[in-house]
Amino acid sequence: MTDTKFKGLLFDFDGTLLDTNELIIQTFLYVLDAEFPGKFTRDDMLPFIGPTLIESFSSIDAEKAEDWILKYRVWNEEHHDELAKEFDGVRETLELLYEKGIRLAIVSTKRREPLLKGLRLLGVEHLFEVIVSIDEVTHAKPDPEPILLALNKMNLNKDEVIMIGDNSHDIEGGKNAGVKTAGVAWSAKGEEFLMGFNPDYMLHHITDLLAIIEEPVNA
């Protein structure tokens with residue numbers, strides 16, 4: 001891989017590699033419906049996919065946010081393996097990328113423990129050399145801190161990696177860190193939404209990465 005442009009791929013996790021959209025939506029509805037019966041719909045939950053829990057719940061009631069987060073985590077953990085599922089081709093593609101010598105990392109706004117649980121569910125934990133969760137940083141995406149931390153841990157340059165994700169935070173975070181970015185068309189918020197943030201690439205299937213990593217250095 002020494003003659004190709006990209007040496008590493010940084011992935012968001014929820015909604016990018018693991019389909020946790022239904023899990024997230026149902027968890028938010030469970031917590032909020034207890035406080036506001038019938039007030040919120042599934043569509044109302046879409047903006048909460050991506051930001052940190054404290055950001056999402058504080059947008060409704062900052063004083064109750066911490067209590068809601070505790071309830072969220074309990075219900076989410078109980079139903080994680082039941083509602084979360086792999087996006088098509090993820091495991092096989094990650095294994096191929098790994099075999100080709102591409103270095104893989106996770107950069108997520110999720111806590112480390114549930115993140116590891118999701119990686120184990122997918123059976124890909126061993127493929128990632130670096131995991132940056134919300135627990136390791138002071139500022140979450142779109143702040144560049146998590147992405148720059150991953151680069152530092154991997155000893156890679158900014159022009160050698162792509163930040164890949166399903167939300168605006170991933171694209172903006174990548175741009176703020178000065179790296180290439182890729183949106184995923186299977187985002188719950190839709191391809192058109194992500195295109196509004198001008199990612200360098202748009203993946204329609206995760207296997208699209210296999211062609212992208214073969215781009216020569218001077219491309």
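Leaving aside neighbours within four places in sequence, Met202 touches Gly183, Val184, Ala185, Glu191, Leu194, Met195 and Asp208, where contact means heavy atoms within 4.5 Å. This is a predicted model, in which local features need pLDDT of at least 70 and side-chain atom pairs count only at pLDDT 80 or more, while totals for chains, interfaces and linings use all residues. Residues are numbered from 1 along each chain as its sequence is written, and side-chain values use heavy atoms, with hydrogens and water left out. Met202 sits in strand 8 (residues 201–203); helices (H or I, at least four residues) and strands (E, at least two) are DSSP runs, numbered from the N terminus. With a relative accessible area of 15%, Met202 is buried. Buried here means under 20% relative accessible area, with exposed over 50% and partly exposed in between (1.4 Å probe, protein chains only). Between the C-alpha atoms of Met202 and Ile164 there are 9.2 Å, though the two are 38 residues apart along the chain.

Now for helix 4, which spans residues 65–83 and bends by about 40° at Glu77. The bend at a residue is the angle between axes fitted to the seven residues ending there and the seven starting there. Buried in helix 4 are Ala65, Trp68, Ile69, Tyr72, Trp75, Asn76, His79, His80 and Leu83. An α-helix has 3.6 residues a turn, so residues three or four places apart point the same way. The cover over the buried residues of helix 4 includes strand 2 (18–19), helix 1 (21–35), helix 3 (53–61), strand 3 (85–86) and helix 6 (112–122).

Take helix 3 as a partner: its axis and that of helix 4 come within 9 Å and cross at roughly 130°. Axes are lines fitted to C-alpha atoms, for helices over the stretch in contact, and angles run from 0 to 180 degrees between N-to-C directions. Helix 3 and helix 4 are therefore oblique to each other, given that angles under 35 degrees count as roughly parallel, over 145 as roughly antiparallel, 65 to 115 as roughly perpendicular and the rest as oblique. On the helix 3 side, Leu53, Ile54, Phe57, Ser58, Ile60 and Asp61 meet Ala65, Glu66, Trp68, Ile69, Tyr72 and Arg73 of helix 4. Sorted by class, this contact of helix 3 with helix 4 has eight nonpolar, one polar and three charged residues. Ala, Val, Leu, Ile, Met, Phe, Trp, Tyr, Cys and Pro count as nonpolar, Asp, Glu, Lys and Arg as charged, and the others, Gly among them, as polar.

Helix 1 packs on helix 4 as well, at an angle of about 140° and with the axes 9 Å apart. That makes helix 1 oblique to helix 4. Helix 1 brings Leu23, Ile24, Gln26, Thr27, Phe28, Tyr30, Val31, Leu32 and Glu35 to the contact, and helix 4 brings Trp68, Lys71, Tyr72, Trp75, Asn76, His79, His80 and Leu83. By class, 10 residues of the contact between helix 1 and helix 4 are nonpolar, five polar and two charged.

Helix 1 and helix 3 also meet, through Phe28, Val31 and Leu32 of helix 1 and Leu53, Ser56, Phe57 and Ile60 of helix 3. This contact of helix 1 with helix 3 has six nonpolar, one polar and no charged residues.

That leaves helix 6, where Pro114, Leu115, Leu116, Gly118, Leu119 and Leu122 are buried. These buried residues of helix 6 pack against elements including helix 4, helix 5 (90–99) and strand 4 (103–107). Just after helix 6 comes Gly123, with a positive phi of about 75°.
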